[in-house]
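Have the structure open as you read.

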Amino acid sequence: MKRSHYIDHLYDENAKTFWHGIDSERSDAKTWKSFVAALKDAVGKLPEDPRFSVEKSLFATLIPDAKYKDRNDVNTLVTEKSFTRLVKWFGPCTHENNGFLQKIFHLTKKSRVGQKRDGWFAGHNSAEDEDKLEKAGSGTFLVRFSESLADEGGFSLEVKHEDDVQKFVIRAVPEKQQLFFDCGGFIDVPYDSLPDLIEAIKTNGGIIPLEGSPVLLRKECKGLKFSRATCSYKN
């Protein structure tokens, strides 16, 4: 059996217990089928929304390069590294409202507007999404997982502003389940979730730079890979 490393340094003891309790010959990876079965045993029925599947949201977060149709393949694996990052991004392993399952459900729901399939949360970075944002109108935005701060639970806010795409870091303190946005009037203000932060930026007149006009969040970037991968129906 391969020795695990990432999970040993995780702040959440329940997550460690859950991970090691999943039936598997390996400690550093679990099949998606065994992972989701253990999750349903632990929390009961997964939360539901007619616009999207929270199970697909988890799948797109944990195994971004795989296809959902291949979820029962023995080679479709949730790695220890991706599970550890999930907990840092979305919270502890619990059925309570502060747990990762409820938080990813809340994010996927709140990032969508009305009954639209499209939302501003992009999940993992992709060249396709970058191209869509580059070609979008000023004020179009998305939020994705930060590649450089993935092990710290960080995110990246990317906004088309005039002719350029501007990128802003969203820091996380996973053990406190808080997010920080170190720009303008938002410095040192903790936020409980990405939807709360995005709403605060919109309400307070956008991001105020040292020079130039405010960076406004006007509309979500359409056709994002995460939105398509997690939807429950077709527009």
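## The helix crossing

A crossing is left-handed if the near helix is turned anticlockwise from the far one by less than a right angle, and right-handed if clockwise. On that rule, α4 and α5 cross in the left-handed sense. Helices here are DSSP runs (H or I, at least four residues), strands likewise (E, at least two), numbered from the N terminus.

This is a predicted model: local features need pLDDT of at least 70, side-chain atom pairs count only at pLDDT 80 or more, and totals for chains, interfaces and linings use all residues. Residues are numbered from 1 along each chain as its sequence is written, and side-chain values use heavy atoms, with hydrogens and water left out.

Back to the helices: α4 packs against α5 (residues 100–110) at about 65°, and the axes are 9 Å apart. Axes are lines fitted to C-alpha atoms, for helices over the stretch in contact, with angles running from 0 to 180 degrees between N-to-C directions. That makes α4 roughly perpendicular to α5 (65 to 115 degrees; under 35 is roughly parallel, over 145 roughly antiparallel, the rest oblique). Who meets whom? From α4 it's F83, L86, V87 and F90, and from α5 it's F100, K103, I104 and L107, with contact meaning heavy atoms within 4.5 Å.

## Rings

There are 19 aromatic pairs in the structure. Rings of Phe, Tyr and Trp (its six-membered ring) pair if their centres lie within 6.5 Å; planes under 30 degrees apart are stacked, over 60 edge-to-face, the rest tilted. W89 is buried at 8% relative accessible area, and F145 is buried at 2% (buried is under 20%, exposed over 50%, partly exposed in between; 1.4 Å probe, protein chains only).

Ring pairs also link F18, W19, W32, F35, F59, Y68, F83 and F100 into a cluster. K30 puts its charged end over the W19 ring, 5.2 Å from the centre; the test is NZ of Lys or CZ of Arg within 6 Å of the ring centre and within 35 degrees of the ring normal.

## Two single residues

N14 is in helix α1 (residues 13–21) and is partly exposed, at 47%. Its C-alpha is 7.3 Å from that of P92, though N14 and P92 are 78 residues apart along the chain.

D188 is in the loop between β9 (178–181) and α7 (194–203). D188 is exposed, at 62%, and touches F180 and D182, leaving aside residues up to four places away in sequence.
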